[in-house]
Amino acid sequence: MAITIKDVALKAGVSVATVSRVVNQKDIHKVGAKTQQRIEKILKELGYYPNTMARGLKTRKTYNVGVVFFWYDRPTLSDFYLTRVLDGIINFLSEKKYNILMNTFSREMGDSGVYANFVNSGLVDGILAIAPPVESRFFQDLKQGSLPYVLINYQVNDPQVCFVDCLNTQGVIDAVDHLMSLGHKRIGYISGDIEFSKNTLDRFNAFKYVLKKKNLPFHDDFVYFGPWTEESGAKAVDHFWRAKQPPTAIIASNDMMALGAIKQLRKNNIRVPQNVAVIGFDDVPVDATLTTVHQPIYDMGYEAAKMLWNQIEKRPLDYSHRFFPTKLVVRESCGYYLKEAEGHK
């Protein structure tokens with residue numbers, strides 16, 4: 001026979017309403033800390049599992065959150081960035097007894113109606129959209145729908161749209177400033193597809209902006225666009241080294257491309273950082289020697305889930321836009337002072 005809230009309340013010596021508050025994490029402030037701990041212990045001892053369907057019928061909620069990620073060329077859940085964002089999302093939602101329904105979309109699905117079908121499916125109470133594409137039809141379907149939603153790593157100039165993002169411009173400025181302090185003036189940039197990713201576009205625009213502000217030249221030959229992979233980083237190096245004077249430093253808009261660049265440089269007997277300095281972006285665990293711009297990916301996922309949950313529960317929002325600071329983490333891939341090195345004079 002299934003264990004009920006009444007069984008738990010009887011053993012704990014409290015009211016059914018008190019147990020319900022602990023199970024549903026609603027009005028939990030009305031339950032004392034010791035009482036909450038005792039109830040949670042009894043819940044585990046008795047093996048109580050909430051009846052989500054019955055709970056949903058009563059509250060008219062599914063207690064599901066849709067988490068959407070857009071893949072560029074092939075579906076994958078092994079991306080370091082994606083898994084870290086999901087860690088933050090899942091940890092918050094599990095605290096609130098919510099489940100996630102994960103869906104991945106390709107950029108070719110825009111006119112097929114699949115976005116609108118998911119948004120209006122009735123399967124979820126809200127949606128977290130991780131890095132949606134530039135001018136995405138999915139974003140338009142979200143705006144036209146009735147579900148609350150939060151965008152992650154995508155910012156818009158609209159106070160009605162909730163999003164979390166990092167300070168991309170500051171991260172790129174810090175990277176360029178560091179390279180300049182090492183004596184670098186010819187800086188190459190490896191970018192993802194700026195027509196696909198809004199976040200990538202923001203970083204590329206920041207790179208152009210800071211070069212202009214610092215009176216450094218911007219060369220088309222020093223920019224490479226491609227997928228966010230090691231292979232793109234390697235191809236970028238081959239592209240840069242066709243120039244008469246190749247760059248003495250490279251910034252990549254993610255860590256995987258930076259890692260690919262480093263491998264290709266070393267394959268060509270070009271030393272890192274003695275001959276070329278390399279900086280990535282994101283700070284995912286791909287190389288312990290990589291200088292990179294850290295963004296708090298886990299915290300962004302956690303905060304986005306919290307922001308969405310507050311909307312679903314019709315709680316007041318302290319803010320609709322949340323920007324997280326970045327931090328340049330200096331490691332071995334550009335930690336040398338190269339002012340006197342060949343090519344930096």
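**View 1. Asp-282, a buried residue in strand E9.** With a relative accessible area of 8%, Asp-282 is buried, a label for residues under 20% relative accessible area, while exposed stands for over 50% and partly exposed for what lies in between (1.4 Å probe, protein chains only). Asp-282 sits in strand E9; strands (E, at least two residues) and helices (H or I, at least four) are DSSP runs numbered from the N terminus. Its phi is near 125 degrees, a positive value in a residue other than glycine. A word on the source: this is a predicted model, in which local features need pLDDT of at least 70 and side-chain atom pairs count only at pLDDT 80 or more, whereas totals for chains, interfaces and linings use all residues. Residues are numbered from 1 along each chain as its sequence is written, and side-chain values use heavy atoms, with hydrogens and water left out.

View 2. Asn-215 has a positive phi of about 60 degrees, although it is not a glycine.

**View 3. Val-272 and Pro-273, joined by a cis peptide bond.** Omega of this bond is about 10 degrees. Pro-273 has its place in the loop between helix H11 (255–267) and strand E9 (277–282).

**View 4. Glu-313 and its partners.** Look in the loop between helix H12 (297–312) and strand E11 (321–324) to find Glu-313. Its relative accessibility is 19%, so Glu-313 counts as buried. Leaving aside neighbours within four places in sequence, Glu-313 is in contact with Lys-61 and Tyr-98; contact means heavy atoms within 4.5 Å. The side chains of Glu-313 and Tyr-98 are joined by a polar contact of 2.8 Å (a pair of N or O atoms within 3.5 Å; within protein, one must be able to donate a hydrogen and the other to accept it, and residues adjacent in sequence count only if both atoms are side-chain atoms).

**View 5. Helix H1 meeting helix H3.** The axes of H1 (residues 5–12) and H3 (residues 33–46) come within 10 Å and cross at roughly 125 degrees. Axes are lines fitted to C-alpha atoms, for helices over the stretch in contact, with angles from 0 to 180 degrees between N-to-C directions. The contact is made by Asp-7, Val-8, Lys-11 and Ala-12 of H1, together with Arg-38, Ile-39, Ile-42, Leu-43, Glu-45 and Leu-46 of H3.
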